[in-house]
Amino acid sequence: MCFRALAAAGLLLGCLGAGPALAAEVPVMGPAEVRKVVPVGKAVGIKLFSDGVLVVGFSQIPAAEGSVVPARQCGLKEGDIITHINAAEVDTVEEVQEQLAEIGGEEMSIRAMRDGKTVQVTAQAVKCSTDGTYKLGAWLRDSMAGIGTVTYYDPDTGAFGALGHGVNDIDTAQLMPLERGGVLSASVTDVKKGKKGEPGELHGVFDTEGEDIGTLTANTSHGIFGTLTTGELAAMEPVEVAEAEQVKTGKAIIYSNVSGEEVRAYEVEITKLFPHAEDGRDMMVKVTDPALLEATGGIVQGMSGSPILQDGRLVGAVTHVLVGDSTQGYGILAQRMMETGEA
C-alpha cells in the first residue's frame, strides 16, 4: 500500500466554569515516508502450477457404446477448475488420471470452481476402446510457462511485481488459480516484430528445471507477485513510487529487455490517463524511441511489466499492446499494482 499520514481532528472539552483547561501535548507528525523500489525491466522465465485442474476443452472418447463425452454430459464446462474427485484433492493431470484408474467405470463426484462458486456434478468415466484406460473426455491443464518482465523489486523485503496483468489460460482466458510457481533467469533470443493487426512477441530461453531465483505467491488481474531469493535483478537505484495524482501526460521512459539480458531505457509518451479505469488500463502509452521501434515495432508480448518512469518516479508498467497499432498500448499505475501486491 501507499502510506499516507493521517491526522485525527479532536475537540478538547472542559467543564464550564471549572477553571482553565489544561493544554494537551500533541505530537507533531512529520511528512509521510516516501516509498521507494528498484525498477527492473528484466525478462524472466515464469512457471505457474495451478490450484486445481483447468478444463480447456472436450473430446469424443471411442467406447463400446459408441463415441461419448462424459465430462460434457455430466455438466462440466470449459473454464471449470476441478479441485476434487470424490474426497481426493487433485492439482495435476496425473492425479486426475490416477483417480480415474482407481474408480474405473463407477460413478464419481466431481467438485469444481466456476465463476468463483463451487459446483458439484456426478460423472462416470468410460473405458476407451483404443487403449483400455478410463477417460472423461476433457482436455485439462495444470501448468503454464513463458516469458515476462519484472516491474519492480523491494530490496527491504525481497518482494517483486511483474507483468501488470494476470497469467490467463490461452484457451479459456481464465485467470489461472495459483497453487505454486517460480521465477527463473532468462535471455531474450529474438523478437517477432509487431505490425498492424498482428502483435509481436519476445522469444526467450530459460530452463524450467533450473534453479529458481524467486517464488510466486499471487496471480491477479493487476500482476503477478512474489519474493526474489536473490538481488541479481536489482541493477538500478531505488526510485520513488508516484501517487496517482503525480502522473501526467507527456514524456516518459520505459525500461525493457528486448535482446539478450540487456535492460535499456527507451523514450515513450503517456498520451492519455483514465482515472476511473477498473481493469488496470490506467494510461495510454506511445513508443517514440527510434531504437525500440526498429527492434520490436513498438510494444510486443513479453514486454508486459516493463516499468514506466516519469520525472524520476516509477509511475506504472506496460500491460497491453493495441492490435491495430503496435506503437501504442496500455499501462497500469504503479500505485494500483503495488496495492494489489500487498493486499
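The structure holds one aromatic pair, a term applied to rings of Phe, Tyr and Trp (its six-membered ring) whose centres lie within 6.5 Å. Phenylalanine 274 and tyrosine 330 form this pair, with 6.2 Å from centre to centre and 50° between the planes, and the arrangement is tilted; planes under 30 degrees apart would count as stacked and those over 60 as edge-to-face. The pair links distant parts of the chain, 56 residues apart: phenylalanine 274 belongs to the loop between strand E20 (262-273) and strand E21 (283-287), and tyrosine 330 to strand E24 (residues 325-333). Helices (H or I, at least four residues) and strands (E, at least two) are DSSP runs, numbered from the N terminus. Phenylalanine 274 is partly exposed, at a relative accessible area of 30%, whereas tyrosine 330 is buried, at 18%. Here buried means under 20% relative accessible area, exposed over 50%, and partly exposed in between (1.4 Å probe, protein chains only).

The model is predicted, so that local features need pLDDT of at least 70 and side-chain atom pairs count only at pLDDT 80 or more, while totals for chains, interfaces and linings use all residues. Residues are numbered from 1 along each chain as its sequence is written, and side-chain values use heavy atoms, with hydrogens and water left out.

Strands E20, E21 and E24 also take part in a closed barrel of six strands, which runs E19-E20-E21-E24-E23-E22 with antiparallel pairing. The twist averages 40° from one strand to the next. Two strands are taken to pair if DSSP finds at least two bridges between them. Strand E19 (residues 250-259) and strand E22 (residues 307-310) run antiparallel and are joined by two bridges; isoleucine 254 has isoleucine 308 in E22 as its bridge partner. Helix H4 (residues 334-341) lies across strand E23 (313-322) and E24, at about 55° to E24. Axes are lines fitted to C-alpha atoms, for helices over the stretch in contact (heavy atoms within 4.5 Å), and angles run from 0 to 180 degrees between N-to-C directions.

E5 pairs in the antiparallel sense with E2 over two bridges, with E7 over four and with E6 over two. Leucine 54 is bridged to isoleucine 81 in E5. Isoleucine 85 has isoleucine 110 in E7 as its bridge partner and stands opposite alanine 88 in E6. The hairpin of E5 and E6 has two residues between the strands, and asparagine 86 takes a positive phi near 55° there.

In helix H2 (residues 93-103), Val96, Gln99, Leu100 and Ile103 are buried. These residues cover an arc of only 100° around the axis, which puts them on the same side of H2; the arc is that of the directions from the helix axis to the C-beta atoms. An α-helix has 3.6 residues a turn, so residues three or four places apart point the same way. On the other side of H2, Glu98, Ala101 and Glu102 are exposed. The buried residues of H2 are covered by elements including strand E2 (43-58), strand E5 (81-85) and strand E7 (107-114). Just after H2, glycine 104 takes a positive phi of about 65°.
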